[in-house]
Amino acid sequence: MHKKWLWGTALTLALMVTGVIVYYGYSIVHFANSISTAAGSSSESSSDTETNETPTTTIPKWDGKERVNILLLGGDSRGDDAGRSDSVMIASIDPVTKKAHLFSVLRDTYVSIPGHRKSRLNAAFSYGGAELTKETVSNLLGIPIQHYVYTDFTGFMALVDAVGGLDIDVEKDMYYTSKADKHMYDIDLKKGLQHMDGKTALQYVRFRHDATSDFTRTERQRIFMTELAKKMQSTTSLFKMPDILEAVAPYIETDLSPTQMLKLAALGFDINANEIDKQQIPPNKLLTNELVGSAQVLGVNEARLQAYIQDLFAQDAETTADNAVDPEQDKELN
């Protein structure tokens, strides 16, 4: 069972330099205690909120040295239908080098789902929710995935509206209509730069009804996530953070505790959004088209894929080492 922490304390703070930091820290705590969180993280968060309801100016730092991998799930659940994962992404951060990757995992990848037969990746969510999807993706990539964050269509739209929308350059006209959803999620976008609200942004990241299907759709999702990260790190969004977090809290499910979210928030602001490595996983060179029954799926050699991921992480360490200045050389330069 998931548990919602509700923290109803209201606090008015002066928006001076130190006041902003206080307010920002409080807002994350308030948000963290308002979302649906897995029961496994309840003990830590409960003690945090019960013993200290007064926010402080200090946001705790992420003290781990190991790479942090977080599963980001966008679901297409509607009503009582659990649905399948409409978007599967991995945010991978090295807390030492501050290098980050954003992987879009193709949902049609043919994978082994623990406790079930092989199927497309997005079926894992309908079988066992976020936890089973986390285990499935971890096995596929050969990396530990410590946490997940899940939201659905409504949460996605609420987030975009809360940040004031995003400017996105749409590469072509996009049109799709479906009676099955009573036209609630129809897509009708025109080519060119436009300011998107939650509804139009959802259309942009979901469109895949063309020759390149999910390949270009995941590319658009990575573009969107990068623009969103930039917007969230802007001064304007910093001042709006309390309202942003309050708007999306009802639609977020995660196994992160409030303390962990605070630490990740601090770590996230150390990452340069423009330097995040964004990739489709598996990459095209490792994909094969396969026919399972009458269904077309994407096959991949898991050993080669896992070696590819490890090579990317190794390059992070090498790049950091190359950019480091030797103390003796630094003295000579000065």
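Guide: Contact in what follows means heavy atoms within 4.5 Å. This is a predicted model, in which local features need pLDDT of at least 70 and side-chain atom pairs count only at pLDDT 80 or more, while totals for chains, interfaces and linings use all residues. Residues are numbered from 1 along each chain as its sequence is written, and side-chain values use heavy atoms, with hydrogens and water left out.

Visitor: With which residues is Asp94 in contact, leaving aside its neighbours within four places in sequence?

Guide: Asp94, which lies in the loop between E4 and E5, is in contact with Lys65, Arg67 and Lys99 once those neighbours are set aside.

Visitor: Why is Asp94 called buried?

Guide: Buried means under 20% relative accessible area, exposed over 50%, and partly exposed in between, with a 1.4 Å probe and protein chains only. Asp94 has a relative accessible area of 15%, and therefore counts as buried.

Visitor: What makes Lys98 partly exposed, and what is its phi?

Guide: The relative accessible area of Lys98 is 32%, so this residue is partly exposed. Lys98 also lies in the loop between E4 and E5, and its phi is near 65°, a positive value in a residue other than glycine. Most residues other than glycine have a negative phi, and most peptide bonds are trans.

Visitor: Which peptide bond is cis?

Guide: The bond from Ile281 to Pro282 is cis, with omega near -5°, and Pro282 lies in the loop between strand E14 (277-281) and strand E15 (287-292). Strands (E, at least two residues) and helices (H or I, at least four) are DSSP runs, numbered from the N terminus.

Visitor: How do you know that Leu102 is buried?

Guide: Leu102, in strand E5, has a relative accessible area of 8%, and is therefore classed as buried. Beyond its neighbours within four places in sequence, Leu102 is in contact with residues including Leu72, Met89, Ile90, Arg222 and Met225.

Visitor: Why is H4 called oblique to H5?

Guide: Helix H4 (residues 153-162) and helix H5 (residues 198-206) pack at an angle of about 120°, with their axes 8 Å apart. Angles under 35 degrees count as roughly parallel, over 145 as roughly antiparallel, 65 to 115 as roughly perpendicular and the rest as oblique, so H4 is oblique to H5. Those taking part in the contact include Phe153, Phe156 and Met157 of H4 and Ala201, Leu202 and Val205 of H5.

Visitor: What makes a set of residues a nonpolar core, and which members of the largest one touch the most others?

Guide: A nonpolar core is a set of buried Ala, Val, Leu, Ile, Met, Phe, Trp, Tyr and Cys residues joined through side-chain atoms within 4.5 Å. In the largest, of 29 residues, Leu71, Ile90, Val137 and Leu141 touch the most other members. Among the elements that each supply at least two residues are strand E3 (68-75), helix H3 (123-141) and helix H9 (302-323), and H3 gives the largest share, 8 residues. Apart from this core lies another, of 21 residues, with Val160 and Val205 among them.

Visitor: How many residues of helix H8 are buried?

Guide: Helix H8 (residues 258-268) is mostly covered, with 10 of its 11 residues buried, whereas buried residues make up 49% of the 334 residues in the protein chain.

Key. Axes fitted to C-alpha atoms, helices over the stretch in contact; angles between N-to-C directions.
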